[in-house]
Amino acid sequence: MLKENYSSVLEKVAAAAVRSGRDPKDVTLIAVGKMHEPKELQEVYDAGCRDFGENKVQELTGKIEVLPKDINWHLIGHLQRNKVKYIAGKTTLIHSVDSLRLAEEIEVQTNKLENGSLVSDILLEVNASGEISKFGIRPEESIQLCREISALRHVRVRGLMTVAPYVDDPEKNRSIFRKIRTISLDIRNANIDNVSMDILSMGMSGDYEVAIEEGATMVRVGTSIFGARDYSSQSSG
Ligand SMILES: *Cc1c(COP(=O)(O)O)cnc(C)c1O
């Protein structure tokens, strides 16, 4: 079942990439397995998926321990500074950086590893929809934050991420995705040292096809692959 779900989403991702004039290989489908068991993630892995996203540090580190070593792990949820030490060096990409202080902590913790030879790739989380999310920087702050983070030697900004509102009609989010893409182009044109803008992480189960049409290079899909999440047993921590 999960295999079929994954294949079906992968096909839609590829079709949307082609519609936007791109190679399907240029769009990464990240399977968001939060609140699902490792054995479910393993099923999707067996179907060929190598990119998985989690939104909580503890769940991420637990799954890293028990799942195959060649998985690219993406931290997509809010990250507290005191938890950076648990994930430094373990993720392919941290999608949710929204302050200089957080980036500085990632710098410090990354520098402690492998004799200081590692660099952590990050995205800036931009809140393009106003009040909907409490996380993310305002669009007009993003270029300045890129400039500040560019001074850090063990952190590299690779692009932008956004969480669009939950909507019944994905077309309602098209302008948000377009706006994020415009911001990323503006930043790219500013040619900031140590900052590249090759990744746009946007689009979830309800709107990933529209996001790809507007330039997403990574989509984060949970429900359409794993089914609905059961929040009833969740602890408050
Ligand atoms: C849960 C989550 C997703 C996936 O959401 P679905 O609607 O289940 O596809 C994507 N991005 C973030 C940041 C999430 O927390």
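Start at helix α5, residues 100-111, and select Gln-109 within it. Keep in mind that this is a predicted model.

**Stop 1: Gln-109**

Is Gln-109 buried or exposed? Its relative accessible area is 11%. That is under the 20% cut-off, so Gln-109 counts as buried. Now show the side chain of Glu-105. It makes a polar contact of 2.8 Å with the side chain of Gln-109.

**Stop 2: the nonpolar cores**

Select Phe-52, Leu-124 and Ile-149. They belong to the largest nonpolar core, which has 61 residues, and they touch the most other members. Which helix gives this core its largest share? Colour helix α1, residues 2-19: it supplies 6 residues.

Stay with Ile-149 and show what surrounds it. Its contacts include Val-97, Leu-100, Ala-103 and Ile-122, leaving out residues up to four places away in sequence. Leu-124, Val-155, Val-157 and Asn-194 are also touched by Ile-149.

Then pick Ile-30, Leu-93, Met-161 and Met-218. These are among the 6 residues of a second, separate core. In soluble globular proteins, nonpolar side chains tend to be buried together.

**Stop 3**

Select strand β1, residues 28-32. How many of its 5 residues are buried? The count is 4, so the strand is mostly covered.

Look for Ala-31, which stands opposite Val-221 in β8.

**Stop 4: the ligand**

Val-32 leads on to the ligand, as one of the residues around it. Val-221, seen opposite Ala-31, is also around the ligand. Others to show include Ile-76, Val-163, Met-204, Ser-205, Thr-223 and Arg-229.

What lies 2.7 Å from an oxygen atom of the ligand? It is a polar side-chain atom of Lys-34. For Arg-220, a polar side-chain atom lies 2.8 Å from a nitrogen atom of the ligand. At Gly-222, look at the backbone instead: one of its polar atoms is 2.8 Å from a ligand oxygen.

Finish with a surface view. Taken alone, the ligand exposes 390 Å², and the protein buries 88% of that.

Notes
Residues are numbered from 1 along each chain as its sequence is written. This is a predicted model: local features need pLDDT of at least 70, side-chain atom pairs count only at pLDDT 80 or more; totals for chains, interfaces and linings use all residues. Side-chain values use heavy atoms; hydrogens and water are left out. Helices (H or I, at least four residues) and strands (E, at least two) are DSSP runs, numbered from the N terminus. Buried means under 20% relative accessible area, exposed over 50%, partly exposed in between (1.4 Å probe, protein chains only). A polar contact is a pair of N or O atoms within 3.5 Å; within protein, one must be able to donate a hydrogen and the other to accept it, and residues adjacent in sequence count only if both atoms are side-chain atoms. A nonpolar core is a set of buried Ala, Val, Leu, Ile, Met, Phe, Trp, Tyr and Cys residues joined through side-chain atoms within 4.5 Å. Contact means heavy atoms within 4.5 Å. A residue is near a molecule or strand if one of its heavy atoms lies within 4 Å of it. Accessible areas come from the Shrake-Rupley method with a 1.4 Å probe; for residues, only the protein chains shown count as cover. Two strands pair if DSSP finds at least two bridges between them.
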